[in-house]
Amino acid sequence: MRPIDLPYGRQTVDDADLAAVIEALRATNLTCGPRVTEFESHLAARVEAGYASACSSGTAALHLVYAGLGFGPGDEIITTPITFSATAAAAYYVGASVRFADVDPRTGNLTAASVEPLITPRTKAIVAVHLGGLPVDLDDLAALAKARGIHLIEDACHALGATYRGRPVGSGPGVATVFSFHPVKHITTAEGGAVVTHDAELKRRVDKLRQHGVERDPTRMHETPAGPWAYEVQELGFNYRLSDLQCALGITQLAKLDRFVARRRELAARYRIELAARFGDGPDAPVQAPVELDDRTSAYHLFAAAIDFERFGATRARVATGLAAAGIGTQVHYIPLIDHPLHATRCPGERDRARPGTATYYARTLSLPLFPAMTDADVGRVVHALHQVLGVPQ
Ligand SMILES: *Cc1c(COP(=O)(O)O)cnc(C)c1O
């Protein structure tokens, strides 16, 4: 079988990235050095947040936010079933539980209407995922969270570089926004993540938990410091630091973010044209490009097409296998979390609720290759292969 030469996503690393990492390797501090704070300040400035804290992964970032806001046993968060496992798993890390709200069948995103009925006295936060890079209805969800006295947290692991009503994702209204720098995301530090916030106290909590729960500020210590070496381990924290090598890469990658996102959006526009030419357009077309909305721009982490497989007498498995035979990688984002054994076991009360939007979204979604180094001809090749594998609609 032909190897996959067009995966669904892939990093773009150039000579400037390599040079920056080599230089960082020669520096005095391989971790906890100046590149960490430099990366954090560039990231905060880029997304118009007050503060950024770099950490070892997007999953660690979620854990730091949930722990930093004090969530624990008996608390609940509400999130979407159409997300990566970590959005929910990080709640289990702190002993909290998860309720899964239904999603808009066209975007796969949470809506205020689907979240509201699930709020209970135990609910601490709505965790919104900007699926594929398209921001959720942030104003509606923020208004709901405010009215009910709970937090809005943004899992923006798909949405670095996206905008909502003219402002970058990360600038709020969520109390904290989380990013991932895994190689398949918009920019990479190999592994890595970040929390951004406008809340100085939350920034302090996150930084402390990232570093073993250590306090070095004498005004916040329980005892008078015995000497310049003194610090106190005040609570159970973690080692979730991101190294200077990784932050060096993050700095040079972040400088390319606008180009990366612009190229992703160009490729998405190309897909839209090619798909319409092969399969027609309008709401009845059997293959739909991702939804775009006038008041927000998608960062296009994914190009998740909605395919009415039944109309082609096809199955998603057959289509994915057929594309793989042509060297084209695809992925399903996502199997609804509640269908996984972990989440079903952790959230027993969540299994049986009907989620018609989730069912519709999941039945049709298939992520086609999208990454900045793709050419327009690559897009043509994917759509041609998709057309061959699907055949004609019935
Ligand atoms: C990638 C991702 C994460 C986790 O990020 P890691 O850096 O892989 O730990 C969390 N949530 C979503 C929606 C993601 O896509």
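Select Glu215 and Arg204: their side chains are joined by a polar contact of 3.3 Å. A polar contact here is a pair of N or O atoms within 3.5 Å; within protein, one must be able to donate a hydrogen and the other to accept it, and residues adjacent in sequence count only if both atoms are side-chain atoms.

Before going on, note that this is a predicted model, where local features need pLDDT of at least 70 and side-chain atom pairs count only at pLDDT 80 or more, while totals for chains, interfaces and linings use all residues. Residues are numbered from 1 along each chain as its sequence is written, and side-chain values use heavy atoms, with hydrogens and water left out.

**Stop 1: around Glu215**

Stay on Glu215, which lies in strand 10. Helices (H or I, at least four residues) and strands (E, at least two) are DSSP runs, numbered from the N terminus. Is Glu215 buried or exposed? Glu215 counts as buried, at 7% relative accessibility. The cut-offs are under 20% relative accessible area for buried, over 50% for exposed and in between for partly exposed (1.4 Å probe, protein chains only).

Now show the neighbours. Leaving out residues up to four places away in sequence, Glu215 touches Arg204, Lys208, Arg220, Met221, Tyr231, Glu232 and Gln234. Contact means heavy atoms within 4.5 Å.

**Stop 2: helix 7**

Select residues 200-210, which form helix 7. Its buried residues are Leu202, Lys203, Arg205, Val206, Lys208, Leu209 and Arg210. What do they pack against? Colour helix 2 (34-47), helix 3 (58-68), strand 1 (51-55), strand 8 (176-180), strand 9 (193-197) and strand 10 (214-215) to see the partners.

Look at both ends. At the start of helix 7, a side-chain oxygen of Asp199 reaches to within 3.0 Å of the backbone nitrogen of Glu201. After helix 7 comes His212, with a positive phi near 65°.

**Stop 3: a salt bridge at Asp17**

Select Asp17 and Lys256. Their side chains meet in a salt bridge (2.9 Å, N to O). Asp17 is in helix 1 (residues 15-26), and Lys256 is in the loop between helix 8 (244-254) and helix 9 (257-279), so the pair ties together parts that are 239 residues apart in sequence. Asp17 counts as buried at 0% relative accessibility. Lys256 also counts as buried, at 5%.

The rule for a salt bridge is a side-chain nitrogen of Lys or Arg within 4 Å of a carboxyl oxygen of Asp or Glu. By this rule the count comes to 32.

**Stop 4: the network at Arg165**

Select Asp137, Asp139, Arg165, Asp295 and Arg296, which are linked in a network of salt bridges. Start with Arg165 and Asp139, whose side chains meet at 2.6 Å, N to O. Arg165 lies in the loop between strand 6 and strand 7 (167-168), and Asp139 in helix 6 (residues 138-148), so this pair ties together parts that are 26 residues apart in sequence. Arg165 counts as partly exposed, at 48% relative accessibility. Asp139 is partly exposed too, at 34%.

Arg165 has another partner: its side chain meets that of Asp295 in a salt bridge (3.0 Å, N to O). Asp295, at 24% relative accessibility, counts as partly exposed.

**Stop 5: two domains**

Colour domain 1 (15-257) and domain 2 (258-389), as the domain assignment gives them. Their bounds come from an automatic or database domain assignment. The contact takes 43 residues from domain 1 and 34 residues from domain 2. The C-alpha centres of the two domains lie 26 Å apart.

How much do domain 1 and domain 2 bury between them? They bury about 3400 Å², 58% of it on carbon and sulfur atoms. Buried area is the accessible area (1.4 Å probe) that two parts lose on being put together, summed over both. Pick out Tyr92, Phe100 and His186: they supply 18% of the area that domain 1 buries against domain 2, more than any other three residues.

Across this interface the rule finds four salt bridges. It also finds 27 residue pairs in polar contact (both at pLDDT 80 or more). On the domain 1 side, select helix 4 (85-93), strand 3 (97-100) and strand 6 (163-164), the elements that give two or more residues to the side touching domain 2. Helix 4 gives the most, with four residues.
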